[in-house]
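Subject: Handing over the structure

Dear colleague,

I am passing on the structure that we talked about, and below it I have written out what was found. Please keep it open while you read, so that each place can be looked up as it comes.

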Amino acid sequence: MRLSKAFVPTLKEVPADATIPSHKLMLRAGFMRQLTSGVYSYLPLGYRAMMKAMNIVREEMNAIGGQELLLPALNPESLWVQSGRRTIPNFILSIKERDLVLAPTHEEVIGYIASMHIQSYKDLPQIWYQIQTKFRNEPRPRSGVLRGRQFIMKDAYSLDRSWEDLDKNYDLHAEAYKKIFTRCGIKFFIVGASSGAMGGTGSQEFMIESESGEDTTALCPTCGYAANLEVATSNIPKVGRVEKSEPLKEIHTPNIKTITDLVEFLKVDPSRLAKSLVYRYNGKPLLILMMGNDQLNESKLTAALGGGDFAPIGPEDLLALTGADGGSIGPVNLKGFRIIADNRLEGANGLISGANRNDYHIANIDLERDSKIDAFFDLRSIEAGEPCPQCTAPLKISNAIELGHIFKLGTKYSDSLNITYLDENGQAKPVIMGSYGIGIERIVACYIEQNNDKDGIIWNKSLAPYEVHLIAVNMNSKDVETASNQIYDRMIDAQIEVLFDDRASVSPGFKFKDADLLGMPFHVIVGDKGLKNGQVEIKRRRTGERILVKLEEAVSEVQKLLAE
RNA sequence: CGGGGUGUGGCUCAGCCCGGUUAGAGCGCCUGCCUUGGGCGCAGGAGGCCGGAGGUUCGAAUCCUCUCACCCCGACCA
């Protein structure tokens, strides 16, 4: 492509709306433009990079037996009502004129097709995938293409007869994902994750570490344990028992509302303080007992409760139920509540907690003796430095961007959408499903997050919009014009993807800046300076290293470099 | 949805508190000249109902009310 004819609107100044490197660079390099919040147009260069990513994904999906198809973005609303996902908050965008919605993902459509055409165990297994635009009713799009209302995803769906077969398909996808991200040149890691609103029995996320990430992950630098904070555990000890259970004692604690106040006031070690969080779960009161310094993890709570609606209880409601205000609630003599507690409290005694009477706490609580805990769960968020659950080395906590997510869905959609097959005995059985997503824009954005410098993007060959950026330093020089045109033609013949800066009215400095910004792996520079000696220059974008080669050998040298 | 911020030429912004010539700068763009190894120089030029609606006023980019859009933090998040 000749830059003199190309649409590559580069920007010298940083657009005001962009805050993270990938967003700034994708705008500055003329890869895309925003149309409205969370919606972008992909311009020629950006689209080429995305197509490179899509093709890598496609090749690896095909390699595990995936069959590509294309599904409708417009879906009947009723299908989503049937699956139960129409009412998920901030999920589905709908069309005003008809009872249609824009598909945010495609389990429902896949299920619809499968329910009609998968009839026998002989039809299984299947891997179906699509690479296409999806929509989400995103409350707050942000960080460029990392969280948009419209985005391209590869979504794959596996259909199996058994959980064992699902495991095989799941593992195949995990391996394919490793190959995909490795080929893209992205440094990633894999974490155990919560299956969230997708439902299902197991999932892993493919992550890159990034300050801009919206996920938080726990990582063990020693043994490699990695988990999303939604599910991460640690080897932090239980509270345990003190020598002797003393009799209960009520303590006057005027105006003490928080755990910090309480530690200050009683001059006690916070390890004996239990805090009470009061929720309504499916309309009924629920007391959650945690260690005073621990944070409730709502993802874990959701998992523990097995779904349903929960929300913290309001102050008036609380007073009516307990006769006390927040900060004075505790598990002893609390009527009408289901009580659950964090695992760390199992069997604990010698605790201090609220007395269900304003300005009073109770000491010497023995949970086994003085309260009835309905169940213990892992409910706390782990913190940096806690011992790894596998090897006890201190855990590290970092933000991360989710590139891909693989789920064992099981029968969630088979049940609601009635997807069954007949087994060898003629018995109807639910199809066991898996789903496997990759955000295409995120591949490009994450790559850029990991590969840029002050001058611009640094592409590798696999995702670069073009392999080579050919720069004619001065098109008004006859020699340069002839030589650079010759190299360009030869590169085209050699099927090298080349972007040729043949602009006559642009100064050399401008061209070099543009080339660094666009970031193709190799720059071939043709100027009078080199041509005097029959030479052209090849610059490696990543290192800045330059080599001089003979004009006639320019193309073969580039081929050598590209073959590395 | 809560909190904060911003809307002025294609881009980045000044002007707004404290109302008053014809609304400015840099970059980009057009024309000509010049230059040609790191966003080059000189000269000339085009381009804006100051997000929108209403109001206050002799007079509004500027003050008030409403509204829309976008960004950031939070909530939420497959």
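Lys 511 lies in helix H13, which covers residues 508-518; helices here are DSSP runs of H or I with at least four residues, strands are runs of E with at least two, and both are numbered from the N terminus. The model is a predicted one, in which local features need pLDDT of at least 70 and side-chain atom pairs count only at pLDDT 80 or more, while totals for chains, interfaces and linings use all residues. Residues are numbered from 1 along each chain as its sequence is written, chains are lettered from A and ligands numbered from 1 in the order in which they are written, and side-chain values use heavy atoms, with hydrogens and water left out.

Is Lys 511 buried or exposed? Lys 511 counts as buried because its relative accessible area is 0%, where buried means under 20%, exposed over 50% and partly exposed in between (1.4 Å probe, protein chains only). Its side chain reaches the backbone oxygen of Arg 503 at 2.7 Å, and, leaving aside residues up to four places away in sequence, Lys 511 touches several residues, among them Ile 471, Met 475 and Asp 501 (contact means heavy atoms within 4.5 Å).

Glu 107, found in helix H4 (residues 107-117), is likewise buried, because its relative accessibility is 1%. The side chains of Glu 107 and Arg 85 are joined by a polar contact of 2.8 Å, that is, a pair of N or O atoms within 3.5 Å, of which, within protein, one must be able to donate a hydrogen and the other to accept it, and residues adjacent in sequence count only if both atoms are side-chain atoms.

E9 pairs with strand E10 (residues 202-209) in the antiparallel sense over four bridges, pairing being counted if DSSP finds at least two bridges between two strands, and Gly 192 stands opposite Gln 204 in E10.

Elsewhere, five strands form an open sheet with mixed pairing, in the order E16-E14-E15-E17-E20. Its edge strands, E16 (310-312) and E20 (375-377), each pair on one side only. Strand E14 (residues 274-281) pairs with E16 in the antiparallel sense over three bridges, and Arg 280 stands opposite Ala 311 in E16.
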